Amino acid sequence: MYRYTPFNLILLVLSSLVLLFLVAPLLGMFLQTGVGEFFDTANDKEVQASIWLTIWVSFSATFLFAIAAVPFSWLLARKSFPMKSIVKGIIDLPVVLPHTAAGIALLGFISRDGILGKTAAVAGISLINNPSGIALAMAFVSLPFLINSARDGFAAVPERLEKAALSLGASRARVFFTISLPLAWRSIVTGFVMMFARGMSEFGAVVIIAYHPMIAPVLIYDRFSSFGLSYARPAAVLFIIVALVVFTLLRILSEIRKTPFAKNDYADS
Amino acid sequence: MLILKNISKKFGDFHLTDIDLEISEGTYYVLLGRSGSGKTQLLELIAGLNKPDTGEIWLDGENITKKKIQGRSIGLVFQDYAIFPNMTVSGNIAYSLSSGKTSRTIIKEKVSKVAAELNITHLLGRDTHHLSGGELQRVALARTLITSPRLLLLDEPMASVDASLKDDIKRLLRGLNRKGLTIIHVTHDYAEAVSLATKVGVIHNGRIIQEGSPDDVFRKPVNKFVARYSGIRNFFRVEYKKESEKWVAVCNDKIIFNVSENLYPKEGLLLLRSDDIKITPAMPSFNPGNCFKGIVREILPVGYGMEITIDAGERFYVDVSADTFKQFPLCELAEVWISFSPEAAIALQGAN
């Protein structure tokens with residue numbers, strides 16, 4: 001049973017204040033949004049398109065970058081190499097950069113004068129004001145969440161399991177896909193969800209790269225700056241609800257699918 | 001045959017230095033050493049998990065020093081078994097065969113066969129999370145044996161097994177060795193070495209300090225470290241002298257041991273095995289060569305009976321079986337006689 005000592009009471013009050021600070025603005029926003037205007041916004045094609053764009057672009061960015069980022073995380077967890085601490089610092093850089101500054105930096109890289117922009121232009125793709133540019137902006141600011149979480153997951157896999165698999169004749173690639181990856185799976189999924197979530201909520205970097213087509217955070221800002229708070233609020237509430245539903249679903253999926261490569265069963269039973 | 005020629009390897013601050021080994025086919029080689037002595041590192045070098053800085057490793061006439069681990073045909077069972085927790089027992093055992101090159105029917109047959117040999121057929125469909133130490137041990141062995149290794153490396157295989165299961169595991173390992181499998185078994189436990197080894201090596205601070213048959217190593221230890229490993233607890237610093245045509249060893253000018261004739265150096269350590277010393281309540285009617293009166297200082301129960309500490313000018317540790325202790329019960333401060341033959345005294349040369 002909880003004992004109401006003075007110290008515990010102080011902890012309780014301080015914790016409640018922090019929680020209130022987090023919950024109150026969101027709760028206020030929900031309470032101030034009328035049911036009618038909420039459903040009007042939910043039926044608004046422009047809002048629907050922007051939320052859908054946000055979800056699929058962030059998911060695609062996370063998925064595509066994960067293909068390279070997950071093996072990179074294994075490398076960081078397992079291998080020592082020169083300037084490893086600098087590499088780890090570079091990975092964390094997007095977290096500390098102002099996101100508008102990140103957007104500006106990325107713009108120089110993907111605009112028609114930049115290396116990637118020029119290369120994309122040759123293939124007839126403009127990365128500016130394009131979902132692919134949005135995906136790059138989202139990935140730029142959210143990659144550390146996936147890499148760091150996956151790296152911690154790989155580091156927690158006992159190295160002797162990988163050594164045992166090697167001694168049983170498995171190739172390095174087979175060891176990675178049958179031992180390291182399945183055992184680090186939870187951390188990788190957590191990192192995946194975090195990167196996806198961070199990408200969805202990104203505004204600063206995306207708005208520099210692509211005001212149009214509008215992702216949900218840009219649309220909310222656009223409605224606020226053009227029409228005011230009451231017009232932006234229902235879109236914000238809708239986006240928050242959709243985001244919560246998507247994260248919850250992803251979490252449930254990751255719980256169900258604990259070990260994707262698990263059962264190599266040759267038993268008679 | 002496995003041959004290690006002048007193997008050295010640096011692991012941070014620790015070095016394996018100048019390791020030379022020759023292990024012929026069918027040998028049960030036990031490498032004895034304390035934790036941190038380099039036993040596991042040496043096994044990993046042989047298995048191919050690490051490469052030596054210098055030296056060569058030869059197996060059956062082939063230089064495998066630079067050969068990939070996957071091509072060596074050397075099985076390694078880790079100390080904590082390293083069972084894959086994301087697979088069932090059968091998945092673990094079949095791991096080496098499940099890369100797509102072997103048909104499912106053959107895999108199933110081989111898994112069933114090795115599981116039957118190791119008496120774990122009933123575990124095949126089970127998750128590995130709730131298996132006992134002994135069961136995990138058998139799964140790890142089955143997983144390695146299914147690869148038909150030329151050489152089996154065991155890293156402290158009894159470390160996580162209940163005492164009651166150790167005999168079963170020893171029987172199993174002895175059986176594998178009798179079928180012709182060469183085994184290198186690393187342990188810190190002298191009893192394991194005595195009961196399993198056909199050849200023993202003692203490793204200390206990254207160097208193999210003594211090698212030979214168990215009898216050679218434990219009867220004629222080259223230094224105090226090896227002697228301690230073989231369970232010897234009686235060490236006396238002595239000076240050797242020849243008195244009246246007989247060799248004696250004088251300890252601190254207090255005790256004079258009669259020793260068998262030999263070419264002793266001037267001084268050194270004299271060792272006595274605890275079970276070579278006889279203890280009697282009265283002076284023995286037959287003096288085997290050395291006989292001293294002492295006082296019982298401590299009686300400690302041990303696995304096989306009692307360990308009695310006797311003060312006879314120097315401390316002597318004597319092992320007494322449970323039956324003998326029942327017949328002649330002793331108490332602390334009792335006066336007793338200890339006796340042993342001159343041949344029981346082992347001379348260690350030098351100051352070590």
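Student: What is the strand order in the open sheet of 6 strands in chain B?

Tutor: The order is β6-β7-β8-β3-β9-β10, with mixed pairing. Two strands pair if DSSP finds at least two bridges between them. Strands are DSSP runs of E with at least two residues, and helices are runs of H or I with at least four, numbered from the N terminus. This is a predicted model, where local features need pLDDT of at least 70 and side-chain atom pairs count only at pLDDT 80 or more, while totals for chains, interfaces and linings use all residues. Residues are numbered from 1 along each chain as its sequence is written, while chains are lettered from A and ligands numbered from 1 in the order in which they are written.

Student: Which strands stand at the edges of that sheet?

Tutor: β6 (74-77) and β10 (207-212) of chain B do; each has a single partner strand, so one side of each has no neighbour in the sheet. From one strand to the next, the twist averages 20°. Angles run from 0 to 180 degrees between N-to-C directions, with axes being lines fitted to C-alpha atoms, for helices over the stretch in contact.

Student: And how do β3 and β8 of chain B pair?

Tutor: In the parallel sense, over 5 bridges between β3 (residues 28-32) and β8 (residues 182-187) of chain B. B:Tyr28 has B:Ile183 in β8(B) as its bridge partner.

Student: Which helix lies across β6 and β7 of chain B?

Tutor: Helix α4 (residues 133-145) of chain B, running at about 170° to β6(B).

Student: Other sheet now. What is the order in the open sheet of 5 strands?

Tutor: In chain B that sheet reads β15-β19-β16-β17-β18, with antiparallel pairing. Its edges are β15 (278-280) and β18 (315-321) of chain B, each with a single partner strand, so each has one side without a neighbour in the sheet. Here the twist averages 45° from one strand to the next. Inside it, 6 bridges join β16 (residues 290-302) to β19 (residues 335-340) of chain B, and B:Lys293 stands opposite B:Trp337 in β19(B).

Student: How is chain B divided into domains?

Tutor: Domain 1 is 2-229 and domain 2 is 234-347; such bounds come from an automatic or database domain assignment. Their centres, taken over C-alpha atoms, are 39 Å apart.

Student: How many helices and strands does chain A have?

Tutor: Chain A has 13 helices and 0 strands. Its C-alpha trace spans about 70 × 65 × 45 Å along its principal axes. Of its 269 residues, 37% are buried, meaning that 20 or more other C-beta atoms lie within 10 Å of a residue's own C-beta, placed from the backbone (exposed is 12 or fewer, partly exposed in between).

Student: How many residues of chain B are in contact with chain A?

Tutor: 25 residues of chain B are in contact with 25 of chain A; contact means C-beta atoms, placed from the backbone, within 7 Å. On the chain B side, α3(B) gives the most, with 3 residues.

Student: Which residues touch the most other members of the largest nonpolar core?

Tutor: A:Val206 and B:Leu153, in a core of 159 residues. A nonpolar core is a set of buried Ala, Val, Leu, Ile, Met, Phe, Trp, Tyr and Cys residues joined through C-beta atoms within 7 Å. Helix α7 (residues 131-156) of chain A gives this core the most, 14 residues. Both domain 1 (2-229) and domain 2 (234-347) of chain B give residues to this core, so it lies between them.

Methods:
Contact = placed C-beta atoms within 7 Å.
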